[in-house]
Amino acid sequence: MNPMLIDPDRLLPAEPATRTMARRLYAEVSHLPLVSPHGHTQAGWFARNEPFPDPATLLVQPDHYIFRMLYSQGVSMEDMGIGQPMIEDPRKVWRIFASHYFLFRGTPTRIWLDFAFQELFGLEKRLSEKTADMYFDTISEKLRQPEYLPRALYERFNLEVLATTDSPLDALAEHKAIRESGWKARGNTRILPTFRPDPVVDPEFAGFAERIAQLGEQSGEDTATWRGYLKALAKARARFRALGCTATDHGHPSAQTADLPEAEAAKLFEKVAAGRATAAEQELFRAQMLTEMARMSVEDGLVMQIHPGSVRNHNRKIFERYGRDMGADIPRAINYVDALRPLLDRFGNETGLTIILFMLDESTLSRELAPLAGHYPCLRLGPPWWFHDSPEGMMRFRELVTETAGFYNTVGFNDDTRAFLSIPARHDVARRVDCAFLARLVAEHRLEEDEAVEVARDLAYGLAKKAYRL
Amino acid sequence: MNPMLIDPDRLLPAEPATRTMARRLYAEVSHLPLVSPHGHTQAGWFARNEPFPDPATLLVQPDHYIFRMLYSQGVSMEDMGIGQPMIEDPRKVWRIFASHYFLFRGTPTRIWLDFAFQELFGLEKRLSEKTADMYFDTISEKLRQPEYLPRALYERFNLEVLATTDSPLDALAEHKAIRESGWKARGNTRILPTFRPDPVVDPEFAGFAERIAQLGEQSGEDTATWRGYLKALAKARARFRALGCTATDHGHPSAQTADLPEAEAAKLFEKVAAGRATAAEQELFRAQMLTEMARMSVEDGLVMQIHPGSVRNHNRKIFERYGRDMGADIPRAINYVDALRPLLDRFGNETGLTIILFMLDESTLSRELAPLAGHYPCLRLGPPWWFHDSPEGMMRFRELVTETAGFYNTVGFNDDTRAFLSIPARHDVARRVDCAFLARLVAEHRLEEDEAVEVARDLAYGLAKKAYRL
Amino acid sequence: MNPMLIDPDRLLPAEPATRTMARRLYAEVSHLPLVSPHGHTQAGWFARNEPFPDPATLLVQPDHYIFRMLYSQGVSMEDMGIGQPMIEDPRKVWRIFASHYFLFRGTPTRIWLDFAFQELFGLEKRLSEKTADMYFDTISEKLRQPEYLPRALYERFNLEVLATTDSPLDALAEHKAIRESGWKARGNTRILPTFRPDPVVDPEFAGFAERIAQLGEQSGEDTATWRGYLKALAKARARFRALGCTATDHGHPSAQTADLPEAEAAKLFEKVAAGRATAAEQELFRAQMLTEMARMSVEDGLVMQIHPGSVRNHNRKIFERYGRDMGADIPRAINYVDALRPLLDRFGNETGLTIILFMLDESTLSRELAPLAGHYPCLRLGPPWWFHDSPEGMMRFRELVTETAGFYNTVGFNDDTRAFLSIPARHDVARRVDCAFLARLVAEHRLEEDEAVEVARDLAYGLAKKAYRL
């Protein structure tokens, strides 16, 4: 058995000459700061800077990558502490997790966790039923030390910027508190909000009407009217921008866009706000709102992210009992080429607009997304998302996209995580896979080494800063 | 030219360190018994234990992988003996096959056949027009020897269990005869039936109404009513279980499921049984029946296999002249995520239920199937099927599935063949490709060798036994 | 930095034993003549044999691969000389192109251009802002030399046959002029027309009715009637055949076919010709015409090519301002399995008919296209097209297609280009990638070397001649 959990050559190609090249490229990017323009960490951690709780509460309970796998093999949600506001017996949950750790063989979760176990907590023996308690005790003890407080970890992780994801109704008090605290890492710490309007834009969200009203109160606009509603959204965007926000995010079921005449849009809004809209009208409203958001982005410069194609809360019983985001979101086939056309007809040729498209349907990569991004000046491709944020997924992304869209219509890496401790591991995986891909291009004489170095640095650092206007 | 047809390192990666690792893994699994939980061999072969006929009748006429390729290049069905109850001139058919053997370059058929030619018949020179007669004579002669009788081959192949596929109307006389014969290989020979209800569940089958009536007679239930029909099916399942059956199989055009209120289902059944149902109602009936079958599986423990997505008998003229299964079934794009929802809403969280999903549309692997199997406790992924039962297909399957669903939501290998002689070759290919995949993970430091050995053994042997409850 | 732009081992696998094998295979095919049965060069170049103009007009302005990438990164169409009948300042356009050359890293465009720069113009330093003028001057000077005239290049490129793509309304005067000029390269120069009836078959084309009338005048048939229209098309085909044409080409939005009773087809034609057809009727008419074209092919022996699945002119503003073929055609998901059925029901079993299917949706390769081509005697698979005419695209094509359809249901390579100078580079890429694929099969003992050599020669040369009946 290996004395260490992770190897310095992990994820680099086995062929010796290619590996040597990949190592050389990786050496050029491994120490670059982390730019994290899209994720789901909590600003409150950095505002309060309190110790993270025990290993089960920190690593198992909030991570749907972990509990979906255990659930798929018959472990109950209760046994993983899901649905409990505070885990009653964290050590018991941890032991259950540890005894199922073999399930993660070959998965990115395994790579992320082993990285954190070794690099952050100094663990060297594999997690298993036998080592469960040793792990639990070691991690618990470290989490109480000052070097493991959120701000200290932020600095240790070499983060340059970290974006959260926030509702337009959020007062962003914690973001303000961070700013006011005067905390600086690397001279210029930045925890930035991201404007995610889904809860006030997607009529399928429970409590939609109440939220629209709340948006009105907050902004002083009459959100009972279409114009007032749009103004309220514009004001909310401005409020986010004032706190450093540079991007919006949109998690729609499809990529459908629309460009209705104003009167029709206003009528549709009335129906939707009154809760009288059919499913098709709700879809049309979301579609219209993507185009409205693009229009506002042309005006205020916020970069637009679209994350379409997920059937949310697919498991009815789990949803009814435990609510949203319980590991049961399943992708569906998606069409970008027709769906985006109304928006692109209107704003596709705006060179000042940036729309970053994400995907969960890999069949669209070479068929639709690379051709679209390789033509429209406003379009860029986001990194492989969710299930595809993995070594094989990232490699396929480069293989399927590069020949048509090049490297410069992509935007670097997003860690897109709730799991703060996994951030360095995730960036490390992306950097290694990109270096592996580039090393193959060099080994096959499709790119010279000096160019590969430049591209590697752009993929690891430069493109994210540029695309997200950081 | 190579003095042998197959090389000991075949299908292992060329990179030397990875190949060495793959060899080590393969050495751990190459001699494990074969578990064949899904296939289309004939119980009668083992009941009667008579010699197989000549090479053309044994290897060409029944193998649609072979004659579809020759047909695609202009060889007529007649020239391959198709449509003849007994081939008039088997040597002539064999010569035609041999002179077109080059067409199979790069295909799994070539690998399977060369394996059998060398390992089973001791042939060492490549099949071609020149060697056609030598092959015909050698194979013909061997087939008359006792070591080439079906039972002897079963033992030589190191088979531990072999499942056939059978209609609920089948009396299973041959399965009974095998049991009564007292034949035992390895202490415990098992030829098991599989319950495949398509002919009495899919209204598109010719003679559907007659079969429903026959099901009633056989079971003593009134299959003119919905309740009686369901009871008759449950009785047929019990009859299969008594002969060792552990699984059902469902070859529907789509993966659509439904969960109708009982009264509606009963009405639909009446319409369907009376032959008055539209195509959409026929589809709805099949959909409902998948959920009914799942319900019975929750009760009786039979593992459920779903093989959807094939447009059967695509070539109208071939179908009209030669009937079903003539190499003209073509896959179609398929949706699992919406289609399975009614069934999963009802039984998705049953930990006692196992549903094995198969696919012919590789775009669903990373998009839908791995996410579904990586969450629902009842779901497992079957091995790559049909056109994808091939080195590249198997490798893509692991690459597309493992990162999201892991190894333990898959179920090992199915040979799924009518061609008894190809069974060892097919398992050998699967074991080699899995070892090649695992060797790459080890070479890239994504898995330790001790874990890879454990996984390799599970993929080759353990998972199939567990998933199929053998 | 490399002293040369292209390496003798480019695109061959890095693993040393596999590379050695690939080199041996490539040595067997690198000097075979080029067969170019499908492309978009201009017969007029060879008829007139005048010097090509400056580098920008020759290489940038007509190449939508190039200007789509620059446009996607914010370069305006005007800055690339698009929409100008003659580029006002070619050096300025060239400099803009050169300073954006890094965008093509990892793309086939880069490979094609570097090949031409080095092999044709003797350039050895990478194109960039710094070397822009040196490139411009070097290329400009060479283009004035007699060795760079179109006919000289044709000979230098080792072309054996080159097909253009032409409207049925084209008088083919330039093809005639070439024939009459007596020019012969390699004994038997052939510039052949291809019959592309889209403008008189697809009612969505602007000016459809006028073109139908023109077809009538040209042929002396009454194209106001369905019968007359079909007769006129048959006559046009005969006219093409007389000038060496062996193939037709059909660039429909979908692969839909139909087989209407004659009276219905006649009625549909009337409606379509009168401009009264709905979008669905226009689609049905195109579908019917594919079957009519197949019928004529059965009669006159022309090979049929179908290029479906592209949403043409996706960017509305670019289309309105600059017209068709401006780099904004985007593929869409496509169904072959149902769409082709009416045509295949009628002619699918004709061994005298050849239909070559192309694709822009890679998910269809293993799911639909390989199974179809591996069964129907009339079907063959065209090489990866457009965005997929690239090293990764070609490799995926072989990996996804070969195991089901073999090599012999594919038809070799098409360069399919407007960019005459890129032809040798494109064939070279295809030959190298095929040799890389075959070398892996040999290295993994899936094919013997003597067979790989035979296949390599067939893929590079033999299959194209055979499939296109050249």
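Me: Two strands pair if DSSP finds at least two bridges between them. Which residue in β2(B) stands opposite Ser36(B)?

Reply: This is a predicted model, in which local features need pLDDT of at least 70, side-chain atom pairs count only at pLDDT 80 or more, and totals for chains, interfaces and linings use all residues. Residues are numbered from 1 along each chain as its sequence is written, while chains are lettered from A and ligands numbered from 1 in the order in which they are written. Helices (H or I, at least four residues) and strands (E, at least two) are DSSP runs, numbered from the N terminus. Here Leu162(B) in β2(B) is the residue opposite Ser36(B). Strand β1 (residues 34-36) of chain B runs parallel to β2(B), with 3 bridges between them.

Me: In which sense do β2(B) and strand β3 of chain B pair?

Reply: β2(B) and β3 (residues 191-192) of chain B are also paired in the parallel sense, over 2 bridges. Ala163(B) faces Leu192(B) in β3(B).

Me: How many residues does helix α14 of chain B have, and how far does it reach?

Reply: The expected span is 1.5 Å times one less than the number of residues. α14 (residues 279-300) of chain B has 22 residues and reaches 31 Å from its first C-alpha to its last, close to the expected 32 Å. Its buried residues include Leu284(B), Arg286(B), Glu292(B) and Ser297(B).

Me: What rotation superposes chain A on chain B?

Reply: Two copies of a chain are related by a rotation about an axis and a shift along it. For chain A on chain B the rotation is 120° with 0.0 Å of shift along its axis (RMSD 0.0 Å), by least squares on the C-alpha atoms of residues with pLDDT of at least 70 in both. The two copies are thus related as by a three-fold rotation axis. They use different surfaces: 5% of the contact residues of chain A recur in chain B.

Me: How many residues of chain A are in contact with chain B?

Reply: Contact requires C-beta atoms, placed from the backbone, within 7 Å. By that rule 42 residues of chain A are in contact with 41 residues of chain B. On the side of chain A that touches chain B, α4(A) gives the largest share, 4 residues.

Definitions and conventions. Contact = placed C-beta atoms within 7 Å. Buried ≥ 20, exposed ≤ 12 C-beta atoms within 10 Å, placed from the backbone.
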